[in-house]
Amino acid sequence: MFKQGLFITAELRIKPESDLDAAIAAIHTFCDGMNSEKGCSMAVPLQDKKDPYRFIFWERYENQEAFEQHFQAEHTQRFIQSGLTDLVQAFETQLLTAEK
């Protein structure tokens, strides 16, 4: 089980003019890079079963600093600059605790 941290859920859409197979390969490479980041303990891409151009990323970072460092990483910059996808939405969540 995970301990508390910064959990990110992001929805990305592969652009219609992008080659689907090339974009999927880029997503795999990007997630491999994220999973090698010191402060990232999980980066999982999920593909929509009905819409192959829609992806949900589940990510977990140790803290806000690790999340900010993620955007400085070479693999992140390369993925953003590839222009293969659009960010639809992203939000932060936390583990549900017994505290009220």
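A disulfide is counted here where two cysteine sulfur atoms lie within 2.5 Å of each other. By that rule the structure holds zero disulfides. The sulfur of C40 is 8.7 Å from the closest cysteine sulfur, that of C31, which is too far for a bond. Both cysteines are buried (under 20% relative accessible area, where exposed means over 50% and partly exposed lies in between, with a 1.4 Å probe and protein chains only): C31 has a relative accessibility of 4%, and C40 has a relative accessible area of 6%.

The model is predicted, so local features need pLDDT of at least 70 and side-chain atom pairs count only at pLDDT 80 or more, while totals for chains, interfaces and linings use all residues. Residues are numbered from 1 along each chain as its sequence is written, and side-chain values use heavy atoms, with hydrogens and water left out.

What space does the largest pocket hold? The volume is about 340 Å³, and the lining consists of 22 residues, of which L12, F30, F71, I80 and L87 lie nearest the centre. A pocket is an open set of points on a 1 Å grid over the protein atoms alone, with protein on both sides within 12 Å along at least five of seven lines, and lining residues have an atom within 4 Å of a point; the volume is the space filled by probe spheres set on the points, which are joined across faces, edges and corners. β4 gives the largest share of the lining, six residues. By class, the lining has 14 nonpolar, five polar and three charged residues, where Asp, Glu, Lys and Arg are charged, Ala, Val, Leu, Ile, Met, Phe, Trp, Tyr, Cys and Pro are nonpolar, and the others, Gly among them, are polar.

Finally, consider the aromatic rings. Rings of Phe, Tyr and Trp (its six-membered ring) pair if their centres lie within 6.5 Å, with planes under 30 degrees apart stacked, over 60 edge-to-face and the rest tilted. The count comes to four aromatic pairs, among them the edge-to-face pair of F67 and F71, at 5.2 Å centre to centre and 80° between the planes.

Notes:
1 Å grid on protein atoms, 1.4 Å probe; cavity = no way out; pocket = protein on both sides within 12 Å on 5 of 7 lines; lining within 4 Å. Helix = DSSP H or I, 4+ residues; strand = E, 2+ residues; numbered from the N terminus.
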